[in-house]
Amino acid sequence: MTDHDKAGRPGTTARKHTALPKAQILIEALPWLTRHNGKVVVIKFGGNAMVDDDLKAAFAQDVVFLRHAGLKPVVVHGGGPQINAQLDKQGLVSEFKAGLRVTTPEAMDVVRMVLAGQVQRELVGLLNQHGPLAVGLTGEDAHTITATKHTPQIDGEAVDIGRVGEITAIDTGAIEALLADGRIPVISSIARSADDGHVYNVNADTAAAALAAALGAETLMVLTDVEGLYADWPNSDEVISRLTVGELEKLLPELSSGMVPKMEGCLHAVRGGVGTARVIDGRVPHSILLEIFTDEGIGTMVVPDDRAAHAQGGQRQ
Ligand SMILES: Nc1ncnc2c1ncn2[C@@H]1O[C@H](COP(=O)(O)OP(=O)(O)O)[C@@H](O)[C@H]1O
Ligand SMILES: CC(=O)N[C@@H](CCC(=O)OP(=O)(O)O)C(=O)O
């Protein structure tokens, strides 16, 4: 006997069978829901992972899901490619030194306009399609991020790269107030200066890591456009799935380009007390949920040295 009603819809038995796997999936998430309940998770959304509309919508769904599941997500966003496009449009040259954008005062105006006026607005809009949740701010607001001029050493020489900031202080007050009010803060990586009244451009990975440490976050999650940290980039696509801060420290001098601020950020965050820092593939839809709520974590996870015993193979947590 087929189990369908007169209209051809599945009957009670069939419905039970199709519903059961869904219940199973929800129940599988229970240990993670319990573990992460009430915890702060800082999510860095990179400009390169932000190029596709469907991915951006899935990102917003995931963040809202975390919030409704009892976590406290804080979003820090980048926008490198979007800044490049606008600088190009305005005929301004864009150059990177030591992995950081050489930022003239004119370029700083563009960086601020694109990050705070375009990228942040879009993310806030996408999140708020799900309710009155997201509030955007930049590091300038309420002294959230204070910086001083950063002068990197390149081949042993101090090089002037303009309005690029080195973070000197974080004030978490505004973010904590938003979290206590059930909101999702969305933060642009721009800092105010305490010494010269200018605003400074801060790499978004560095800003996310500093905020994660200052907030005492449980997890820093960095979404980018690769699967994770490759062991031998660009020769092989073997991803390092787990490493300790000690192992990462040894690896840092060998890393290049965009991975440097990311992995330095992960190191800083975990050394600063963040439980785990993860680099995950933002091109995979719902990568945040997969990482937080399943056994099959994706990407690279950085853990404190005292968790070295689990570093080989052990279940991800
Ligand atoms: N060891 C490595 N593993 C993975 N990616 C690497 C590595 N070294 C350099 N990269 C580069 O870093 C890029 C990610 O950094 P970036 O372009 O700044 O991304 P985002 O905009 O997400 O911050 C990758 O697309 C890759 O080209
Ligand atoms: C100083 C510096 O380099 N700032 C970055 C800020 C944006 C950013 O970091 O964006 P992604 O995360 O997409 O790379 C820049 O101007 O591109």
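Helix 9 (259-271) supplies the largest share of the lining of the second largest pocket, five residues. This report describes the pockets and nonpolar cores of a predicted model.

**Pockets**

The second largest pocket also draws at least two lining residues each from strand 9 (165-170) and helix 7. In the largest pocket, the largest share of the lining, four residues, comes from helix 4. Strand 4 (100-101), helix 7 (204-215), strand 13 and helix 9 each supply at least two residues of that lining as well.

| Largest | about 890 Å³ | 41 residues | Asp205, Ser257, Gly258, Met259 and Lys262 |

By class, the lining of the largest pocket holds 18 nonpolar, 16 polar and seven charged residues. For the second largest pocket, the lining consists of 10 nonpolar, seven polar and two charged residues.

**Nonpolar cores**

The largest nonpolar core contains 42 residues, and Ile43, Phe59, Ile288 and Phe293 have the most contacts inside it. Among the elements that each supply at least two residues of this core are strand 1 (40-45), helix 3 (53-68), helix 5 (105-127) and helix 10 (287-293). Helix 5 provides the largest share, 12 residues. A second, separate core has 41 residues, including Leu211, Val222, Leu248 and Met259.

Leaving aside residues up to four places away in sequence, Phe293 touches Ala29, Trp32, Leu33, Phe65, Leu66, Ala69 and Leu71.

How values were computed: Residues are numbered from 1 along each chain as its sequence is written. Chains are lettered from A and ligands numbered from 1 in the order in which they are written. This is a predicted model: local features need pLDDT of at least 70, side-chain atom pairs count only at pLDDT 80 or more; totals for chains, interfaces and linings use all residues. Side-chain values use heavy atoms; hydrogens and water are left out. A nonpolar core is a set of buried Ala, Val, Leu, Ile, Met, Phe, Trp, Tyr and Cys residues joined through side-chain atoms within 4.5 Å. Buried means under 20% relative accessible area, exposed over 50%, partly exposed in between (1.4 Å probe, protein chains only). Contact means heavy atoms within 4.5 Å. On a 1 Å grid over the protein atoms alone, a cavity is a set of points where a 1.4 Å probe fits but cannot get out, and a pocket is an open set with protein on both sides within 12 Å along at least five of seven lines; lining residues have an atom within 4 Å of a point. Grid points are joined across faces, edges and corners, and a volume is the space filled by probe spheres set on the points. Ala, Val, Leu, Ile, Met, Phe, Trp, Tyr, Cys and Pro count as nonpolar, Asp, Glu, Lys and Arg as charged, and the others, Gly among them, as polar.
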